[in-house]
Every structure is written in C-alpha cells, then in structure tokens.
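Open the model in your viewer and keep the selection panel at hand. This tour goes stop by stop.

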Amino acid sequence: MDNRIIYLDHAATTPVKPEVLEEMLPYFTNKFGNASSIYSIGRESKKAIEEARERVAKALGAMPREIFFTGSGSEADNWAIKGVAYANKAKGNHIITTAIEHHAVLHTCQYLESDGFEVTYLPVDENGLVSPEQVRKAIKPTTTLITIMFANNEIGTIQPIAEIGKIAKEHNIYFHTDAVQAVGNIPINVNELNVDLLSLSAHKFYGPKGVGALYIRKGVKITNFLHGGAQERGRRASTENVAGIVGLGKAIELATNNIEQYNKKLIELRDRTIEEITKKVPFVKLNGDRYKRLPGNVNFSFQFIEGESLLLMLDMKGICASSGSACTSGSLDPSHVLLAIGLDHETAHGSLRITFGEENTHEDVDYLMEVLPEIVQRLREMSPLYEKVKRGN
C-alpha cells in the first residue's frame, strides 16, 4: 500500500470539486464587488448570486424567491426553528422533533424550551426510524412546527418525510426538515414532500464550507434571524459570501444532475462493505436501517473495543473514518443517536462510521477489509471483556 490517504468520511465534509472552485475563483479577485453596490462589478456579483439561487431552486423543485443563503446548515436550522417559533407564538408554543436530530436542531429546541416553548422529542425504533403515526399523535392545538431530519448524519437512516409532510399539511402545521445529509444524495422535491422549510449545506456535496441555504415556502410566517442590512430581500442581513454562494450553486447543480449514477456506485460500495464486515468480523451490529439509508453510509458497532482507538489505528493505516458526527468528535459521551436506537453505552462507544464519496473505489474497500478485521482483533485482545467471551464465561 502506498502513502495515499483513503478518505471515508464524506458525511463530515467533502472536497471542493475543481469545476466548483473554477467558478468561484473570479469572485475572490477581479469580480470582488459588493452585491449591494450599483456599479458594474457590484451588479456582476448580484447576478451571480441570483444565478446560484436559480440553481438551488431547480434542484429542490422550488421557486428562486423561496431560497435564502446562509452561513451554514446549522444557521439554516436555527433560523427555521427559531424564526417559525417566534413568528407564530400567538398561535402556540409547541414543537415536535425527534431524539436523533443533529445538535443544530436539538440545541436550538432546548434553547427555546428555556424561553417558554414546549418541545416533544419523539423516540425512534431500533433502525432509527420515527413513526408517522407517532408524529400525528404528538400534535396538539398549540403545535406550530414539526422539525424532523431527512436523513441521519450518523446512521444514515432516511425518514418517511413525505408521510410526515402530509400529516403536517393536514393539520396546518409548518414542517421543517434538516436535509444537510440528504441534498446531493437523495432526489428532493419540496412540493411532492409537503416540506415548508429545508436546510442544506454546500460542503456536504462538494461545495465550499461556510455557506448554506434555507428554503422557505412562500407564505410561511417567519422572523428574521439576522438584523442589519437589506440583503436576501431583507430577510437575512450580512454582506453576501458571493464566492461561496456561487460554489454552492455549481455544486448542487453537479450533484443533482448526476445523482442516479452517483447513487448506484455508492450503494455498491456500501452494500459490499456491510456484507464483508458482517462476514469477516464477529460481534458486530449494523446501526441504522439496512436499506432505508443513505447510499454511502455504513455504521457498525464493534463489541469489546473503543471507537477512538479504532479510528487512530485506521488513521495510522491511511484511512480517514469517524465514530459519529464530526460536530461531536471531541466529546467523550457516547452518541445520542446510538443510545436512542437502544445501544448500551459500552457498545455505542465502539462505533465506526464509514461514508463513501465519488472518488472512492472497490480497491478502497479491499484495503479497508484487509486492515479493519486485523485492527479490531488486536484491540479486542486487550479487552478483559473479550477474554471472558473467549473463555466462554
């Protein structure tokens, strides 16, 4: 094996595609104008932003005026949830979400609880799926928002978004979905899904970091998240990140134009990896639904080992992977997602998330399966719990 790095953590972030960077570069140099200025280089920036808005709208089946650019997916989540909660407080103060949301949603909901809002955190089954019927039963006369992620960032489970959207529409309740992991991986049409608000982030689909977007259906009552200037039609103050927005627009166009072919490849890599790990490594559990999962997501718990040690040893072999969300990798606490699907603390600590991207190959899987079983076995040999299992205790 040479010294190249095998990157298997595309749920954390993706590299910027050359075509995306190429479109961005002029907006750092000769096309540097502020989009709020009326002279020519300012107008060039304004035009580039509007072209990117059209690309995002087309990818989601939305109208361009329903797309608002943000600084990240987390900002889009915050804006959607706080904005709807405060704008509709006269109607009610109840929000419905799930126990496995990204912290951008969970912590926002917890903040709102400290400000007098009521939040229902729905449980999920062992595969990480929320039941649409549970959503229906949780609705109260005071419910103003349902916020449920499209696909989980750790275990890859894809939620029944269309069914939940239908329920929300029947009850005249706004429905937001954190689609940060889904956009670029799953075909999405906001009208077919009855989604009122949708968050996305460019760096999850080969665009730049530091730029995201929020889809807000026309007519949704929502407060502004940032106050100041009149950017984004007066809805989100801040001088626009023109180069980032241009990159987002190009990246989402490339991702959605090629989505079927991209998915076919990722599903092959995913399924082969799941089959080989299950076959070659004992005492493992696949986390997330076997088939209702993101095309490139593999998440296993390995009994009798610690996930951080596994990651470090894989890194020494040139393999970049994760034990869960990149946003919580510095935490010693087990994943809230794995605990929510019923794993005990010890098993949850031994998790490994592999997420494939378009540059990965079957040779990468070959190498992973060459080193992974050996590393797992070496770590288990250090475990007193594994010793007891070997002795039959």
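Which residues of helix H10 (residues 307–316) are buried? Select Gly307, Leu310, Leu311, Met313 and Leu314: these are the buried residues of H10. Look down the helix axis. The five sit on the same side of H10, because they cover an arc of only 170° around the axis. Now turn to the other side of H10, where Leu312 and Met316 are exposed. Keep in mind that this is a predicted model.

**Around H10**

Next, show what packs over the buried residues of H10. The cover includes strand E10 (297–302), strand E11 (319–320), strand E12 (351–355) and helix H13 (362–380). Then go to the start of H10 and select glutamate 306. One of its side-chain oxygens comes to within 2.9 Å of the backbone nitrogen of glutamate 308. Move to the other end. Just after H10, glycine 318 has a positive phi of about 85°.

**Serine 322**

Continue to serine 322, in the loop between E11 and helix H11 (336–340). Is serine 322 buried or exposed? Its relative accessible area is 6%, so serine 322 counts as buried. Leaving out residues up to four places away in sequence, serine 322 touches Asp9, Leu311, Ser351, Leu352 and Arg353. Leu311 is one of the buried residues of H10 seen at the opening stop.

**Helix H9**

Select residues 259–280 for helix H9. Its 22 residues reach 31 Å from the first C-alpha to the last, close to the 32 Å expected at 1.5 Å a residue. Colour its buried residues: Ile259, Tyr262, Asn263, Leu266, Leu269, Arg270, Asp271, Thr273, Ile274, Glu276 and Ile277. What lies over them includes H8, strand E9 (284–286), E10, E12 and H13. E10, E12 and H13 are also among the elements that cover the buried residues of H10.

**The cores**

Now go to the largest nonpolar core, which has 64 residues. Pick out Leu60, Ile146, Leu198 and Leu200, which touch the most other members. Helix H8 (residues 242–257) gives the most to this core, with nine residues. Apart from this core lies another, of 32 residues, including Leu314, Ala321, Val365 and Tyr367.

Zoom in on isoleucine 146. What does isoleucine 146 touch, not counting residues up to four places away in sequence? Its neighbours are Ile96, Val135, Ile139, Ile164, Ala168, Ile173, Tyr174, Phe175 and His176.

**Lysine 17**

Select lysine 17, in the loop between strand E1 (6–7) and helix H1 (18–24). Lysine 17 counts as buried, because its relative accessibility is 14% and the cut-off for buried is under 20%. Its side chain makes a polar contact with the side chain of glutamate 358 (3.2 Å). Setting aside residues up to four places away in sequence, lysine 17 touches Tyr206, Leu254 and Glu358.

**Zoom out**

Finish with the whole chain in view. The protein has 14 helices and twelve strands. Its radius of gyration is 22 Å, close to the 21 Å that the globule rule gives for 393 residues, so the protein is as compact as a globular protein of that length. Along its principal axes the C-alpha trace spans about 75 × 55 × 35 Å. Of the 393 residues, 56% count as buried. Among contacts between residues at least 6 apart in sequence, 74% join residues at least 24 apart.

Conventions
Residues numbered from 1 in each chain as written. Predicted model: local features only at pLDDT ≥ 70, side-chain atom pairs only at ≥ 80, totals over all residues. Heavy atoms only, no water. Core = buried A, V, L, I, M, F, W, Y, C linked by side-chain atoms within 4.5 Å. Buried < 20%, exposed > 50% of the residue type's maximum accessible area, 1.4 Å probe, protein only. Helix = DSSP H or I, 4+ residues; strand = E, 2+ residues; numbered from the N terminus. Contact = heavy atoms within 4.5 Å. Arc of directions from axis to C-beta. Polar contact = N/O pair within 3.5 Å; in protein donor to acceptor, adjacent residues only side chain to side chain. Expected span 1.5 Å × (residues − 1). Rg over C-alpha atoms; globule rule 2.2 N^0.38 Å.
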